[in-house]
Amino acid sequence: MCGGLAVKRVLPLLALFFLVVLLGHEFLRKRSPKVFTTTSGRIEMCLACHEERPEKAHARNVVGCSPCHLGDPLRIDKDLAHRGIVKNPADLRVAEKTCGQPVCHPDLPSRVKKSLMATNRGIIDTLRRYWGEIEEGNARLTPHGSVRGLMQSGETSLALDYFRKLCGSCHLWLKKGQYEGFLGRKGGGCVACHLVPGKKEAKHPVLTKKIPVKNCTRCHNRSGRIGLTYQGLYESEGYGTPLIEGEFGAETLEDGRFVERIPPDLHYKAGLVCADCHLQEETMGDGKEYVHLEESVEITCEACHGGKGLSRKGRPIPGVLKAQNKMLFKDLQGKVHPLKPPDPINCRHKVHQRLSCQACHAPRVPQCYGCHVRRDPNEKQLDKISGRETQGAWEEFRSYMRYETPTLGKQGERVVILVPG
Amino acid sequence: MFTRRDFLKKLLWTGLAGVGLYTATRFLPRPPRKVLVKEQLKPGQILIKESFFVKMTSKGPVALSRRCPHLGCLLTYASEEKSFVCPCHQSRFDLSGRYLAGPAKRDLFKLPVKKTEGGIIVEVPS
Amino acid sequence: MSRSLPRRWVSWGLTASFFLALVSGLIVSYPFREEIPLVSTVGLETVIPFGAFFRAFHYYTGQLTFLLLGWHLVEALMVRAEKRRSPRAWFFLVGSLPLVTLALFTGYIVRGDQTGLSAGQIAEHLALKLPFLGVVVNRLLFSISEEGVHRAFMAHIYLSLAVFVLSGLWHFRLRTLRLDDLLLWFLLAGILALFWPVSLEAESFAPLIKGPWFFLGVQELLRHLPPFWAGVVFPLLPLLALWLYRFCPRVAGMVLSLWLGIYFWLTCVGAWR
């Protein structure tokens, strides 16, 4: 074979060169001092490089990193280890593989995906009705009448364009950090509610069941302003007064709106947060897909005050307990509160039978006068559902906002309060 | 020519090989593994352990082996479909262990369960 | 002019790869602790110096041995080698292929990862379906549910050593292995080992796991046919055809080609899932 002799000479040299490359490669490679495992014996090599410490329920030496953040826990090479890694494991797009793993919270991702906070069906349905795009009548579940449906179909219309541009950032499918500023702090799937900052040394945020009011009011601060009224905040006219040294001295919300302090809700004063009353079947869904809020909400005043501790749908309220014939409420922080029963004379009066509790006990609600919305077809605006800027810019106006005694109206046979928005 | 000596030699070697094989194929006896399940289960809840599932039914806790009755692969739990799935050949079983689809053709094996003070004890065959 | 011997670079490549696989196997077996197989494998990858290289080198030399043996067998058939051998010799030579396949397969089991352990479980159940010999074969080769990877590990070592030593003594002479053959295959496997990491599957709840590449076809067939036919009879068919080749080469050749065609198609289906 011609060239055989040349091959004979070249091969040993190549082999030598290869050995040098091998030595160099090994020298540059990072190795671990041991094989890291969790308390159950599962191998978790992420722990070799990462020092983050989440909270006790998801402790690093019990859960590790890869059950949530995926990736490859058997590797130490950065590129191989980070293949398939997920920054926010709670994003609904991956939640089934992370939070919703069979050994962790398997039923929750499917429930949450059907909940109103993920689908926004009520907002979309109502908007389309008001704008005449769908007929009056019983609300129906439609494939495109949800946030996910709009994301996947790209369907738009006047009402849907309004939704996409002004309402489309308040839902659980929003990727956390997708947009700038306060918009980027919303969304993220499970972490939209359950995540709070951790200690600085821990280098990792913390998941909690004790959801602070702040997490809810990131989104629940528009329309009826429930999140604001509950905390005793009144959205003032935007004048920003008092002016202090030439600067606006009024308190502001994250998005820049000015607020004034008014007496808060009694429950807020007592230290209760939204999640103390609102059951998980309301917030995370009960497995059924609803179109409107009133179908999903099940907490009532009567459940705790004068009732048996059961919601409108018959589910027990977790915090309610009975001790020595008295009804008490234990909040998420562990504090126990007495549950005042309804006034036997006024609340139980024959002529007040049709009244809901709010009809008397809600002293003031936001009244938004002169509500207008305008669409400028020549300008572009960010569609928060698709993430792209499209033609048509919307802006909402009002003449002024007041906090006043609410208007009463009828819902079925009950007399309830009416709040605009 | 095949002599008596040759025959005896062959017999000896075969005998030695047979004895060697007999020794090599014995297992050291081990007692069956007992696993204590401490978790309190709600009715209808599925608990996933290393080699079995535990389900709380109206008649008490039931333990189902995670070994697929087809060829022994470890089953996983598909929560959206409410079924157990085998990742090797995609056999499916419902939550009570009954065979639904795939090449397995039999129900999941039930493991003996005993109630005790700290919880329940499940006996896993080695 | 038709060839009278299989190509020498294939035959000696096979010997060189096999030899390198044994030597690298010796090296990686030292840190390996069979009672904690996955920890040992991950330890080799991440803790032991040069561990990842030797593991990958061992893997690639093993794969090359298997592939070159198949190629060598095809060439032997093309030069009608079975005519120049006694039936007994041909039986044992052909027998090296299933034994090397088993050695390769037990190597996967010994890894202790999800792929390996599931493959081991399936192999154990299939072995038990063999008539008469099932229990003995299982106890010598697998027994994963009883003893973890211990017996598969023993089988992996003994099978490889036995095939190498016996074929070395009787079929090739290790002394005639030339340095440039050794270096060539060392370099080939070494470059593969340095730049292409060997797979390792963590435990997961994935609804689908794929076995070793050469058994994807069997895995697919096991989804449709009963285990005895898909897992025992079907894989033994080509072996039978090879053993009976000298008696009816035309028929055996057709059976082999048909089988290979079906297996290739099954593998594609299984891989595409």
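Trainee: How many residue pairs are in polar contact between chain C and chain B?
Mentor: This is a predicted model, so local features need pLDDT of at least 70 and side-chain atom pairs count only at pLDDT 80 or more, while totals for chains, interfaces and linings use all residues; side-chain values use heavy atoms, with hydrogens and water left out. Residues are numbered from 1 along each chain as its sequence is written, and chains are lettered from A and ligands numbered from 1 in the order written. A polar contact is a pair of N or O atoms within 3.5 Å; within protein, one must be able to donate a hydrogen and the other to accept it, and residues adjacent in sequence count only if both atoms are side-chain atoms. With both residues at pLDDT 80 or more, the count between chain C and chain B is 11.

Trainee: Which helix gives the most to the side of chain C that touches chain B?
Mentor: Helices here are DSSP runs (H or I, at least four residues), numbered from the N terminus. H5 (114-128), H6 (134-141), H7 (144-147) and H10 (216-222) of chain C each supply at least two residues of that side. With five residues, the top giver is H5(C).

Trainee: And how many salt bridges are there between chain C and chain B?
Mentor: You'd want a side-chain nitrogen of Lys or Arg within 4 Å of a carboxyl oxygen of Asp or Glu. That side of chain C does have six charged residues (Asp, Glu, Lys or Arg). Still, the salt-bridge count between chain C and chain B is zero.
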